[in-house]
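This briefing is meant to be read beside the sequence and the 3D view.

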Amino acid sequence: QYPFDVEAVRADFPILDRKVGGDPESPGEGPGDDTPLVYLDSAATSHTPDPVVDAIADYYRSYNANVHRGIHQLSQEASVAYEEAHDTVADFIGASGREEIVFTKNTTEAMNLVAYAWGLEELGPGDNVVLSQMEHHASLVTWQQIGKRTGADVRFIEVTDEGRLDMEHAAECIDDDTQMVSVVHVSNTLGTINPIAELADLAHDHDAYVFADGAQSVPTRPVDVEDLGVDFLAFSGHKMCGPTGIGALYGREEILESMQPYLYGGDMIRRVSFEDSTWEDLPWKFEAGTPSIAQGIAFAAAIEYIEEIGMENVRAHEDLLAEYAYDELDALGGVEIYGPPGDDRGGLVAFNVEGVHAHDLSSILNDYGVAIRAGDHCTQPLHDELGVAASARASFYLYNTTEEVDALVDAVGEARDLFA
Ligand code: PMP
């Protein structure tokens, strides 16, 4: 049934054996400890398999030291592992080498890096930046504020009733004054898989750069920067079996080369005098100060872990669970699901149950041990467009099963009946 041995994968995630939840007989009475965990919140943060936890422990137990500067052996070992982690990330997304991979704290910091280092310098009145209505706040708020500071206009490609980008509107938004097109690859709310390559062609026809927010796509499907034709791509380790505190910015080498640093300090300089300074080579020019060394090394271990399963297999598994969840929730009745049909979306489903607030729903589901997200998922303007303040979201990853989807659907059905 599954494209790989999901039970064997689950064995690498001891957290999945945890018991949580309250008693469904007395809802809302707080967390209990006797209900099996059904974790359907990986779009927010995925779990971390043993080999990745081991990589972190091994670093601290065996070769913990600061990178780059040291001549002693531990520092050299840490430096090699940390630097090679950039190569692993580069290979994973088809970048040409470590020069194109800057480690950041997360997707948000990668966005801000480009917005500050490139946007503040290059944008001005008369220019425009094109986003979509389904952007995460990480990109929406960032470009909105850079727009205010530089006088550049920020435009939003509209979303159709089916939850797709209106590509005719995209063609109207992108013009000769467009400097940057920044669009989410897979929407964290609608599940829509956006046509980034098509947008990149449009943008490049007008000499604009393209920035894909890969926070939901890079963890869940094969992503190749050459195939997509993007100039920038951002993603977070914690959504792809890695630790928190580490993410990556891919940038085309000549663009990164032309950009000023974002943070100044140690490790990013070549020569400093009282009057002036020069910068290190890429990517270190953008990694000021002591970086997240253990996290960077573990990020590479996470990529090795998911590559072992195979990104095509991960995508097939996501597709299977998304379609099954969509169909089963739809069949329940009284459930409004947002975004495109079940057979054409990323591995997440956002929805509302008639007469039940998403927060109440999530709290009842917690009593059944089912962990989902409720709220605006950092897409408030999109929720305004949908005409709701909040939604519930179930999201799936490589360790989830159809039985867990059944547990979700059963609990949603119970919640709907409770409020009927
Ligand atoms: N973009 C998208 C599409 C996301 O789903 C998220 C995480 N919810 C982010 C950006 C931000 O990721 P992070 O919090 O790791 O910076």
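Because domain 1 (6-49 + 310-419) and domain 2 (52-308) both give residues to the shell around the ligand, the ligand lies between them; the domain bounds come from an automatic or database domain assignment. This is a predicted model, in which local features need pLDDT of at least 70 and side-chain atom pairs count only at pLDDT 80 or more, while totals for chains, interfaces and linings use all residues. Residues are numbered from 1 along each chain as its sequence is written.

**Ligand shell**

- The shell holds 15 residues around the ligand, and Asn106, Thr108, Asn188, Ala215 and Ser236 come nearest; a residue is near a molecule or strand if its C-beta atom, placed from the backbone, lies within 6 Å of it.
- By class, the shell divides into 6 nonpolar, 8 polar and 1 charged residues, where Ala, Val, Leu, Ile, Met, Phe, Trp, Tyr, Cys and Pro count as nonpolar, Asp, Glu, Lys and Arg as charged, and the others, Gly among them, as polar.

**Domain arrangement**

- The C-alpha centres of domain 1 and domain 2 lie 28 Å apart.
- Across the boundary, 27 residues of domain 1 are in contact with 33 residues of domain 2, two residues being in contact if their C-beta atoms, placed from the backbone, lie within 7 Å.
- On the side of domain 1 that touches domain 2, α11 (311-332), β14 (348-353) and α13 (380-386) each supply at least two residues, and α11 gives the most, with 6 residues.
- That side of domain 1 is made up of 13 nonpolar, 9 polar and 5 charged residues.

**Overall fold**

- The protein has 14 helices and 17 strands, which are DSSP runs numbered from the N terminus (helices are H or I with at least four residues, strands are E with at least two).
- For 420 residues, a compact globule would have a radius of gyration near 22 Å, and the protein's 22 Å agrees with this; the radius is taken over C-alpha atoms, and the globule rule is 2.2 Å times the number of residues to the power 0.38.
- Along its principal axes, the C-alpha trace spans about 70 × 55 × 35 Å.
- Of the 420 residues, 50% count as buried, a label given if 20 or more other C-beta atoms lie within 10 Å of a residue's own, whereas a residue is exposed if there are 12 or fewer and partly exposed in between, with C-beta atoms placed from the backbone.
- Among contacts between residues at least 6 apart in sequence, 69% join residues at least 24 apart.

**Nonpolar core**

- In the largest nonpolar core, which has 126 residues, Val89, Val230, Ile297, Ala302, Val349 and Leu408 touch the most other members; such a core is a set of buried Ala, Val, Leu, Ile, Met, Phe, Trp, Tyr and Cys residues joined through C-beta atoms within 7 Å.
- Helix α10 (residues 293-309) gives the most to this core, with 11 residues.
- This core lies between domain 1 and domain 2, because both give residues to it.
- Leaving aside neighbours within four places in sequence, isoleucine 297 is in contact with Ala55, Tyr59, Ala81, Tyr82 and Ala85.

- Serine 42 sits in the loop between β3 (38-39) and α2 (50-62) and counts as buried because it has 26 C-beta neighbours inside 10 Å.
- Although serine 42 and serine 395 are 353 residues apart along the chain, their C-alpha atoms are separated by 5.7 Å; beyond four places in sequence, serine 42 touches Ser395, Phe396 and Tyr397.
- Isoleucine 269, in strand β11 (residues 269-272), is partly exposed, with 16 other C-beta atoms within 10 Å.
- Isoleucine 269 and valine 230 are 39 residues apart in sequence and 28 Å apart in space, C-alpha to C-alpha.

**Backbone geometry to check**

- Most residues other than glycine have a negative phi, and most peptide bonds are trans.
- Cysteine 241, in the loop between β9 (232-236) and β10 (247-251), has a positive phi near 75 degrees and is buried, with 28 other C-beta atoms within 10 Å.
- Aspartate 267, in the loop between α9 (253-258) and β11, has a positive phi of about 70 degrees and counts as partly exposed, with 17 C-beta neighbours inside 10 Å.
- A cis peptide bond, with omega of about -5 degrees, joins leucine 282 and proline 283, and proline 283 is found in the loop between β12 (277-279) and α10.
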